[in-house]
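Colleague: I'd like to learn how to read a model like this one, feature by feature. Can you walk me through it?

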Amino acid sequence: MCVTAGILLAYYFPLPFTIELFVIALFIGIVFLYPLSKKTDAAIPFFGICTLLFFTSLGYWNYQLRLPQFSSHHYSHFTQNDSSTLSKLRIRETLKPDRYYWKYIAEVSETDKRPTTGRILLQLKKEAVSNPPEVDAILLTYATTEDIPSPMNPDQFDYSAYMRSLNVHHRMILGNNFIIKHSERQISLKGWAEKLRNRCVIALKRTDLPEDERAILQALVLGEKREVSKELYNAYAAAGAVHILAVSGLHVGMLAFGLQWLFKPIRRFRWGKVTTAVLLILLLFGYAVFAGLSPSVTRAATMFSLFMVAQQLDRPTNSMNTLFLSFFILLLINPLWLFQVGFQLSYAAVFSIVWLQPSLFRIWFPKYTILRKLWAITTVTITAQIGVLPLSLYYFHQLPLLFLLTNLVMMPILGLLMVLGILMVLLSVLNSAPPLVTSYFSKFMGGINDFIRWVAGQETFLITDISFSTRIVVVSYLTLFSLMLFLQKRKASNTYAVLVVVSVFIGIKVYESYTIRPTRFIIFQKSRETLLAVQSDDILSLYASNSDSLQIKYPIKSFTLKNNIQKLNQSNIPTVFKIMEKTFLVIDSTSVHPSQKIDVLILTQSPNLHLEKVIATTQPNLIIADGSNYNSYVRRWEKTCEIKRLPFYHTGTKGAFILEQ
């Protein structure tokens, strides 16, 4: 927990210098104070404080080491945003492509013939690259390194922050004309796994499996989710079964226990226990590499490896200690994993299961084995959902009330589904999948998808658009933690803790509900559309060029959730209006406008006008062009404003315009 605190301190309160000397000094202090603490009680508090400070500073320093500014060989020190440099890239990971680009994470090994380090987001234009490269490919290119753009609208998903959590701080956009050389190199372990996974995907495409069933099979067995349609993914999320699509502790756990059963005869021989432990570790991490080494599968492989080693060597195990040991090891390896959603959800779920499930299971002990198994699945599902609930509400803003039904159906058949899925992949690779087997497997997978769609279609049991702030997430976990302590040990101190935390929770909710937020006028950035908004406390008034409902569209939905908007109004865009003692004039494609003095001129829908004459008649202090205008028009207007020495704001380059009172 101290390492975690140190990482968070480094993230929110960065220092311009590294603290390695402080870490070394604390370590020396621990070595010096430890023997003293054995001899005299007076040294014990100093030893404890020194130890806590050491691990906190270790987390801080470990995070600092990942930042470009503290790495003298990082490529960013040898590139400039306004000029092209000769870069040698090695592709490390394939990302999900979008409509226009193939996307990769690449390692910059050379910059202008200087050895460098660092990861970069590589975007290859689809129209210019007919044969996209694979993992481990080497590219030699002249290209401009640029910052990953921040969101153009307030309270939207920050892709640049997400990439920083992957230790990626810049991007390159390339076409074939920028690539000087494209070659292959000795394949790495991850590259070999990627090639094998791609071979499996190609083999599955040759079968008669329908697209949706094949996509789910690839996600379940291969960790390949890129081909799962948005509609099907949303259905699994609404049904509370999206965790099935991400190879994680659930899948690795089933694999681990299956292998343990398979290797049971080996334990009878000499050195059998050690041999079994080594084989389990190799196979679990081999599967983790094959599945793409995501944080969730890496965490699961590490934790189950520790479990299996202790068990095979007949050493006593403590699930909570093993869980936190894997947490500690993974944060030392990569502290940036702490900021990834999958990593957070994985540990929240497993922590809740390990801590709460045994107590919940003891409430009822059914007489029949089948009922006990169902009760075990039920308790695991409930405790896992309790652990991830605050984070799920914060990130996904929805609560599937039928998650228990979904997991009661899916959990018993998931093991069978994985076995059949692995068998189907092997038969496909060997090109020997019988049509009858493919047909039955297709019906089986189709039935599962139909069940998921049916559950997702019960909209009455799906609570959506839940606004959940960061403060509420923190206090929610404190509340859950204190309540569980109280239920396990009903002491006076635990009672006081529950009362204090619940009081804080209620206080924050009251504060957020009754705090009057400032009035804001916003011109959103939206391509080919004009979207203005006035936020007054928890009421949002929209003025749009499109008459369709905007409540569920980008960028309004996420904005209303983040700002806890309770009422939303929509109307047509006025020509002249006054907000915060400033007069605004909107000129659209009709180019019709009154001749009166204004403060701000808003140009939308590419009006064909003589801007100098408009400026002369309206005398604005600021001109704004939104995303609905042609770029050629915007460039012409910007030059006119430069000549007139008039401020010009384009939402397409600077993001949404916000005026706050």
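Modeller: Helices (H or I, at least four residues) and strands (E, at least two) are DSSP runs, numbered from the N terminus. One caution: this is a predicted model, where local features need pLDDT of at least 70, side-chain atom pairs count only at pLDDT 80 or more, and totals for chains, interfaces and linings use all residues. Residues are numbered from 1 along each chain as its sequence is written, and side-chain values use heavy atoms, with hydrogens and water left out.

Colleague: Is Val135 buried or exposed?

Modeller: Buried means under 20% relative accessible area, exposed over 50%, and partly exposed in between (1.4 Å probe, protein chains only). Val135 has a relative accessible area of 2%, so it counts as buried.

Colleague: Which residues is Val135 in contact with, leaving aside neighbours within four places in sequence?

Modeller: Contact means heavy atoms within 4.5 Å. With those neighbours set aside, Val135 is in contact with Ile91, Arg92, Glu93, Thr94, Gly191 and Glu194. Also, Val135 and Lys190 are 55 residues apart in sequence, yet their C-alpha atoms are 8.0 Å apart in space.

Colleague: Where is His74 found, and what does it touch beyond four places away in sequence?

Modeller: His74 is in the loop between α3 and β1 (84-94). Its relative accessible area is 6%, so His74 is buried. Not counting residues up to four places away in sequence, His74 touches Pro68, Thr117 and Gly118.

Colleague: How should I think about nonpolar cores?

Modeller: In soluble globular proteins, nonpolar side chains tend to be buried together. A nonpolar core here is a set of buried Ala, Val, Leu, Ile, Met, Phe, Trp, Tyr and Cys residues joined through side-chain atoms within 4.5 Å. The largest one has 81 residues, and Leu222, Tyr236 and Ile452 touch the most other members. Looking at all its contacts beyond four places in sequence, Tyr236 touches Ile216, Ala241, Val242, Leu245, Ile448, Asn449 and Ile452. There's also a second, separate core of 17 residues, which includes Leu585, Ile587, Leu601 and Val634.

Colleague: What about backbone angles?

Modeller: Most residues other than glycine have a negative phi. Asn167 has a positive phi, near 65 degrees, and is in the loop between α4 (159-164) and β7 (168-174). Gln605 isn't a glycine either, and its phi is positive at about 60 degrees. Look for Gln605 in the loop between β17 (600-603) and α19 (611-618); its relative accessibility is 26%, so it counts as partly exposed.

Colleague: Zooming out, how many helices and strands does the chain have?

Modeller: It comes to 21 helices and 20 strands. Buried residues make up 46% of the 661 residues. Among contacts between residues at least 6 apart in sequence, 66% join residues at least 24 apart.

Colleague: What does the radius of gyration tell me?

Modeller: It's taken over C-alpha atoms, and the globule rule is 2.2 Å times the number of residues to the power 0.38. For 661 residues, a compact globule would come out near 26 Å; the chain has 29 Å, which agrees. Along the principal axes, the C-alpha atoms fill a box of roughly 95 × 65 × 55 Å.
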